[in-house]
Amino acid sequence: MLYREAGQFKTTYAADQSVFPIRQDRVGIAVILLVAFVVVPLLASSFVLSAVFIPILVFSLAAIGLNLLTGYAGQVSLGTGAFMGVGAYTCYKLTTYFPQANIVILILASGLGSAAIGTVFGLPSLRIKGFYLAVATLAAQFFLSWCFVRIPWLYNHNVSGAIEVPTRTMLGVAVTGPNATPLTRYLVALTIVTLMTWVASNLLRGRIGRTWMAVRDMDIAAELIGIRLYSAKLLAFAVSSFYCGVAGAIMVFLWFGAAEADSFNIDQSFLILFMVIVGGLGSLIGSFFGAIFIWGLPIVLRATPEFFGLTIRAATVEHLQFMIVGALIIFFLIAEPAGLARLWQIGKQKLRVWPFPY
Amino acid sequence: MDLLYKIFLDPFVQMGAAPDLLVQTLWEGLVAGVLYALIALGYVLIYKASGVFNFAQGIMVVFAALTLVGIAAMLRQWGVGPGDVAAYAALILTAVVMLGLAWGVERLMLRPLVNQPEIILFMATFGLTYFLIGFGELLFGGEPKVMITDDLHLPRGALEFKMLGGFVSLQKIDVAAAVIASVMVAALAIFFQKTRIGRALRAVADSHKAALSVGISLEQIWVTVWFAAGIVALATGIMWGARSDVSFALQTLALKALPVLILGGFTSIPGAIVGGVIIGVGEKLGEFYWGPLLGSGIESWLAYVIALVFLLFRPQGLFGEKIIERI
């Protein structure tokens, strides 16, 4: 009843090709943005902002990055964590060299460094395919992790080996560093993520996105219809690493405040791959669902025993949490291999024809 | 010039100057390689028969070793015979546990996921990894345990050879590991090539549908394969556990086995061994002779780079089946 497009006529090509052709979708996205920009900052405490909302934004962006590569261009990568690291370290070096520059611009620029590195490690992708490529991207992961430890220039020869975020202000308000309030950091992160999601959605609707999908579906066939495989795959690696790099920079500058090489290890890569798979391969909204699900699940699990008044030892809770997360992942894959995004789609379709079954 | 000298000449000069050190390094690389190959073998078995890239092999190694140690300790507490009786009884019981695990995996994970894309199955084994980590820690606790080396009558100590103007020492446990690995590979190769089940396994690997239509039971095959992988995991766990402690840190070894896997090819049992030896020897030589140039710790990525170089020439690994693509 509520979600029905009957009576909404599209009289121009522009209307037909718009991102949200259905009015209810437009209203929905406006409401979501309103909630994210106004309601959440008003209601959420500082702790919730920095422990729940900022991480979800960071991981959503990283998941979008990986989804562009794995879900849309079909190249499985296990090096996401390292590319996030490249972004973070680039941003750190940039703030060192350009202390006066606007920090948001630096965060976005650090994606470029990550994109360059990502392109280099994407080079084997024309020869190597499937799981072989996935394992080959692990080379990037381990090599870059090693660089983060062994090249002191990257962390300005700090004794601790960690990068510490300096205070940077924008319009007189501290955005990064220890003085920045969680609220400011949340809003800056949210703005960047919103912008980049919008860019990604348009990228995917256009020629580039279609090229990637053709490569994903069958790369030889794509080659035969005149798609340059090499440039398509390398572009996918570059754009994906750009997104991951920005996500990494946001993670360190707007969330952690300080980081060392261990923050970008292989577990991080796997975590983001989880988010993409559970959320749904080849779906932008799925990246958000995946990030919310994977980040939120342990929080919920930790709170559950307290809620029921049970007292379990902390170690046991952690073990149980591992077991439950593992079992739930398998359960979700069995229930809906196409991810949460598919459930969302099914729900929308059901709503559309309601009260009829089809 | 100096750098070029250090990269291209100096290591070889060192090798020539101290041949006993070279032999020692080669031997250590060989042993490490064989042990990597054991893990890779577990991957290959499962990939060959069910098309699943089983990420959980690493944790299966840990789980098998922990179960063995845990059951042995339990039996001892109940007053079962002298140490070695308890140890061998535990060995058998652990095999039973691995069979149960294989059955459970088939029932609860693989059967509902039949005919899904490879990446979904891969992620499912990730879920399995998490589950086993939690389950293992819950049962056995997180602290490292000592492998029951003596009770299993595994040899200890070192053999020393006088050769090339120096000493080369071989740990007996390493020799045993190499022997056991070779025996296992030979047995598995025969099993795959000559037996009825082996033929059925290869049929399943070729095509699930065709295998089903000629009356091969997929369930039975999968349980068999996962059980075999479990036994390989148990052997790996004993060998690695004897060299260090049995702890969850061993799980990261699985990541070491991945370059071996792509180098040898996902589908080849001999490939796992050859790949293991190449990676092991390459890694140890690189670390020992070229490592000081770059700073230590290059072991963590050197194996991947070696594998990558081979892959650029043979994208399906050294012994993998040729990838034929059709439109």
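## Helices H8 and H10 of chain A

In this predicted model, A:Ile208, A:Thr211, A:Trp212 and A:Val215 of helix H8(A) meet A:Leu229, A:Ala232, A:Lys233, A:Leu235 and A:Ala236 of helix H10(A). Sorted by class, the residues of this contact comprise seven nonpolar, one polar and one charged.

Helix H8 of chain A covers residues 207-217, and its axis lies 10 Å from that of H10(A), with an angle of about 110° between the two. Because angles of 65 to 115 degrees count as roughly perpendicular, H8(A) is described as roughly perpendicular to H10(A).

## Helices H5 and H10 of chain A

Helix H10 of chain A, which spans residues 229-256, also packs with helix H5 of chain A, which spans residues 103-122; here the axes are 6 Å apart and the angle is about 135°. An angle of that value falls in the oblique class, so H5(A) and H10(A) are oblique to each other.

The crossing of H5(A) over H10(A) is right-handed. The residues that form the contact of H5(A) with H10(A) divide into 14 nonpolar, ten polar and one charged.

## Chain A as a whole

Chain A contains 14 helices and four strands. Its radius of gyration is 21 Å, close to the 21 Å that the globule rule gives for 358 residues, so chain A is as compact as a globular protein of that length. Taken along the principal axes, the box filled by the C-alpha atoms of chain A is roughly 65 × 60 × 45 Å.

Of the 358 residues in chain A, 44% are buried. When contacts in chain A between residues at least 6 apart in sequence are considered, 75% of them join residues at least 24 apart.

A:Ile64 belongs to helix H3 of chain A, which runs over residues 46-72. Is A:Ile64 buried or exposed? There are 31 other C-beta atoms within 10 Å of it, and because 20 or more is the cut-off for burial, A:Ile64 is buried. Apart from its neighbours within four places in sequence, A:Ile64 is in contact with A:Thr197, A:Ala200, A:Tyr243, A:Leu284 and A:Ser287. The C-alpha atom of A:Ile64 is separated by 23 Å from that of A:Gly257, a residue 193 places away along the chain.

A:Leu94 sits in helix H4 of chain A, made up of residues 80-97. With 20 C-beta neighbours inside 10 Å, A:Leu94 also counts as buried. If residues up to four places away in sequence are not counted, A:Leu94 touches A:Leu106, A:Ala109 and A:Ser110.

Where in chain A is A:Pro178 placed? A:Pro178 lies in the loop between strand E3, residues 173-176, and helix H7, residues 182-205. A:Pro178 has 11 C-beta neighbours inside 10 Å, and because 12 or fewer is the cut-off for exposure, A:Pro178 counts as exposed.

Leaving out residues up to four places away in sequence, A:Pro178 touches A:Thr167 and A:Gly257. A:Val19, by contrast, is 159 residues from A:Pro178 in sequence and 39 Å from it in space, C-alpha to C-alpha.

## Where chain B touches chain A

The contact between the two chains takes 38 residues from chain B and 35 residues from chain A. On the chain B side, helix H5 (118-140), helix H10 (253-264) and helix H12 each supply at least two residues. H5(B) gives the most to this side, with 15 residues. By class, the side of chain B that touches chain A has 29 nonpolar, seven polar and two charged residues.

## Helices H11 and H12 of chain B

Within chain B, the axes of helix H11 (residues 269-294) and helix H12 (residues 299-313) come within 9 Å and cross at roughly 130°. H11(B) and H12(B) are therefore oblique to each other, and H11(B) passes H12(B) in a right-handed crossing.

The residues of H11(B) in this contact are B:Ile279, B:Gly282, B:Glu283, B:Gly286 and B:Glu287, and they meet B:Glu299, B:Leu302, B:Ala303, B:Ile306 and B:Ala307 of H12(B). By class, the residues of this contact divide into five nonpolar, two polar and three charged.

How values were computed:
Residues are numbered from 1 along each chain as its sequence is written. Chains are lettered from A and ligands numbered from 1 in the order in which they are written. This is a predicted model: local features need pLDDT of at least 70, side-chain atom pairs count only at pLDDT 80 or more; totals for chains, interfaces and linings use all residues. Axes are lines fitted to C-alpha atoms, for helices over the stretch in contact, and angles run from 0 to 180 degrees between N-to-C directions. Angles under 35 degrees count as roughly parallel, over 145 as roughly antiparallel, 65 to 115 as roughly perpendicular and the rest as oblique. A crossing is left-handed if the near helix is turned anticlockwise from the far one by less than a right angle, and right-handed if clockwise. Two residues are in contact if their C-beta atoms, placed from the backbone, lie within 7 Å. Ala, Val, Leu, Ile, Met, Phe, Trp, Tyr, Cys and Pro count as nonpolar, Asp, Glu, Lys and Arg as charged, and the others, Gly among them, as polar. The radius of gyration is taken over C-alpha atoms; the globule rule is 2.2 Å times the number of residues to the power 0.38.
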